[in-house]
Amino acid sequence: MAYNYGSSESTEDWPNTTPALIALFSDDNGLIPLIPEFGCGTDGDNTFSLFIKTTSSTNADTGSFSRGSAWRKAYRFLNRFDTVNISMDRFGSPDDGSATYNAQRSSFETTTNYVTPFDHKPPCRFPISPFSNSTMGGETSPLIELVYSMALNNIDIAADDWDGQLSDQGVQWAIGAKGLGLIQNTTPDAMEFPIRMQDGKVDTARSVIPAYSGEILSFQPNLDPAASDNLGFGYMGNTENGSIIYIDITQTDEVLRWNPNTETNIKPEEWWVKTISGIQVKNSDNPKSGFVNFKKGTMDVVSPDKNNYIVSFTSPKELPLNSWGTGQNIRVLLKRKKIIRLGDDRKPWGGAEYENIRYRSLADEFRDDVFFQVTEEPPPLTGACCIDGECTQQTRDDCEALGGEFFDEGSETCTDCVDDSDDSGDGGQQSTNILPFTTTLNGTLENGTITINYPAPFEATDVTFEVFIEKDPDQS
C-alpha cells in the first residue's frame, strides 16, 4: 500500500501472520481491526499516524462529525504499546529508497479543525468534518488519530540525494520490509513521560503516556495569576509546603459513566479514589533520586467538569527535581489500581464489580468503553482568509465580517492574496482622503478637447479615461 504525504489509507492489506497482529490491523477471520488506517506526514515532516476504530455519526445538514467513542480507547493503546522502529520505502524519481527510523509517541502540532482531549500537547485528535485534513480533499475519516515522531536511524537504500527525511517531496511512501515494531508494556497502572525541565516547570517534549484505566497527567497554569511567564505550573512541582501533582480523571470509568444532568448528588472523584491505595512518583531512569508518595486523603478537586475532571494530590515531601535530567522517564504509579470488570455495564454506585487492573485480550481492544456523553459543541470550521494581503485562518463568518476573501473550510493557503489597502500592485497610489477629479472643456463639444484635472500629489501616467457626454434634451 502506497501513501501520499499527508494522507492515510486502510491497513487491511498489511501482511499479518499472527492472531495478535490480525486483531490490531486486519479484518481477517471476521475480527474488527483496532487500527483500520495508517498515514504518513499527517502532522508534518517525519511523522506518522495510527487511526483508532471509532464509533461516530455525521450530521446530515452540516456534514460535521460527532465522536461516540471515549478518548480512553486511544489511551489504552498508548499505554499498552511502545513503538520501536518503523521502516519506510520511498518511491520517486529518479531512484527509489528505503530507511529505518526510531518511532516515539508524540503530540499534535496541528489541531485546527480538530477536537482534542485537552490543549497542552494532546496525543490524539478527532476531525470536525471530512475537510479537517486539507491534504486529503474532503476525505478525512471520522477516526481518533494518534501521532508518532520519526528520527532517522539508517538509510537502508540510498536514493539520489535523499537525506532520509520523510517530507513532502512529490513522491509516494510505503511501509518497508522491516515493518512497524510494537512492544507490549507491562505497566497498565502507570502514567509516564520523558521529562523536559523548563525554568523549573515539569513538562515533556512529546506527550504523556496515560494509564490504561484512563488517567493522564494534567498541565496546569501558574498558581500565581500575577506570574510574568506563560509557561504554566506544569504537571507537578514543589510548593512552599512540599509538592503537588495534577491528574485528569475524565476518561476513567467513574467519570465516563457519570450523568451530571441527573446524578447531581454523585461525586465521581470519591468513587474513583477508592480504586487506588495511593500515588507514587519516581524517576525510573534514575531510581537513586528517590520517590515521593501522595496519600489519598490529600485529594482536592481542581475542575469538576464532566469533560475536564481534574484532581490534585499533595505531599509534605518535595520532588527531587534537581536530580531529574531532561529525557529521563518519570513514572506515576497508581498503587493497587482497580477497574470495572470488562462486560459489566453498571455504574460504580450501581453495584459494578471491580477487579485488579490488567490488559484486555487483543481481540477485545476494539470494544468501546461505557460512556455517557455530554455533548460539546465543536469549534466552527476555519479556512484560509485573505485580508489586506495577509492570509490567516478564520471562520467563514469572521472572514466575511472583516471584509476578507474566504477560500473554503479546511483550506490552508490563499490564492492571489495581495494588499490593496495602500498599493494596487500596478504602480498606482491611493489617498486616505477622497478628492474630486475636475474637467475643463476647451472649445466646443463638436470641435474641442477635454482636460482631466486630478488632485495633488498624484502623478497619473498611462491612465485611460472613457468620457460619455449626454446632451440635455431641453437644450437646443
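**Close-up 1. Cys 385 is buried, at 0% relative accessibility.** The model shown here is predicted. Cys 385 pairs with Cys 399 in a disulfide, with 2.0 Å between the sulfur atoms. A disulfide is a covalent bond between the sulfur atoms of two cysteines. The link of Cys 385 and Cys 399 is right-handed, with 85° about the S-S bond. Cys 385 sits in strand 25 (residues 382-387) and Cys 399 in helix 5 (residues 396-401), so the bond ties together parts 14 residues apart in sequence. Cys 399 is buried too: its relative accessible area is 0%.

**Close-up 2. A disulfide joins Cys 386 to Cys 417.** The S to S distance is 2.0 Å. The pair links distant parts of the chain, 31 residues apart. Cys 386 belongs to strand 25, while Cys 417 lies in the loop between strand 27 (405-409) and strand 28 (438-443). The torsion about the S-S bond of Cys 386 and Cys 417 is about 90°, so this disulfide is right-handed. Cys 386 has a relative accessible area of 11% and is buried.

**Close-up 3. Cys 391 and Cys 414 are joined by a disulfide.** Their sulfur atoms are 2.1 Å apart. The link of Cys 391 and Cys 414 is right-handed, with 80° about the S-S bond. Cys 391 is in strand 26 (residues 390-395) and Cys 414 is in the loop between strand 27 and strand 28, so the pair ties together parts 23 residues apart in sequence. Cys 391 is partly exposed, at 35% relative accessible area. Cys 414 counts as buried, at 19% relative accessibility; the cut-off for buried is under 20%. The structure holds 3 disulfides. With the bonded cysteines of the protein numbered in sequence order, the pairing reads 1-4, 2-6, 3-5.

**Close-up 4. Helix 2 (residues 72-80) is largely enclosed by the rest of the structure, because 9 of its 9 residues are buried.** Arg 72 has a relative accessible area of 3%.

**Close-up 5. Arg 72 forms a salt bridge with Asp 369.** The closest N and O atoms are 3.5 Å apart. Asp 369 lies in the loop between strand 24 (354-356) and strand 25, and Arg 72 in helix 2, so the contact ties together parts 297 residues apart in sequence. Asp 369 is buried, at 9% relative accessibility. Both residues belong to a network of salt bridges that also links Arg 76, Arg 80, Asp 253, Arg 360 and Glu 365. The whole structure has 22 salt bridges.

**Close-up 6. Glu 215 and Lys 337 meet in a salt bridge.** The N to O distance between the side chains is 2.8 Å. This pair links distant parts of the chain, 122 residues apart. Glu 215 is in the loop between strand 14 (201-204) and strand 15 (216-217), and Lys 337 is in the loop between strand 22 and strand 23. Glu 215 is buried, at 0% relative accessibility. Lys 337 is buried as well, at 4% relative accessible area.

**Close-up 7. Asp 364 and Arg 367 form a salt bridge.** Their closest N and O atoms are 3.7 Å apart. Asp 364 is partly exposed, with a relative accessible area of 22%. Arg 367 is also partly exposed, at 33%.

**Close-up 8. Arg 336 has a positive phi, near 55°.** Most residues other than glycine have a negative phi. Arg 336 lies in the loop between strand 22 (329-335) and strand 23 (338-340). Arg 336 is exposed, at 72% relative accessible area.

**Close-up 9. Asn 46 has a positive phi, near 55°.** Asn 46 is placed in the loop between strand 3 (37-40) and strand 4 (47-52). Asn 46 is buried, with a relative accessible area of 15%.

**Close-up 10. Five aspartates form a negative surface patch: Asp 95, Asp 96, Asp 160, Asp 161 and Asp 163.** Asp 96 lies in the loop between strand 7 (81-91) and strand 8 (97-105). Asp 96 counts as partly exposed, at 44% relative accessibility.

Note on methods: Residues numbered from 1 in each chain as written. Predicted model: local features only at pLDDT ≥ 70, side-chain atom pairs only at ≥ 80, totals over all residues. Heavy atoms only, no water. Patch = residues over 30% accessible without salt bridge, like charges linked within 9 Å, V, L, I, M, F, W, Y side chains within 5 Å. Areas by Shrake-Rupley, 256 points an atom, 1.4 Å probe, with all protein chains shown as cover. Salt bridge = Lys/Arg side-chain N within 4 Å of Asp/Glu carboxyl O. Lys, Arg positive; Asp, Glu negative; His and termini not counted. Charge placed at Lys NZ, Arg CZ, Asp CG, Glu CD. Helix = DSSP H or I, 4+ residues; strand = E, 2+ residues; numbered from the N terminus. Buried < 20%, exposed > 50% of the residue type's maximum accessible area, 1.4 Å probe, protein only. Disulfide = S-S within 2.5 Å.
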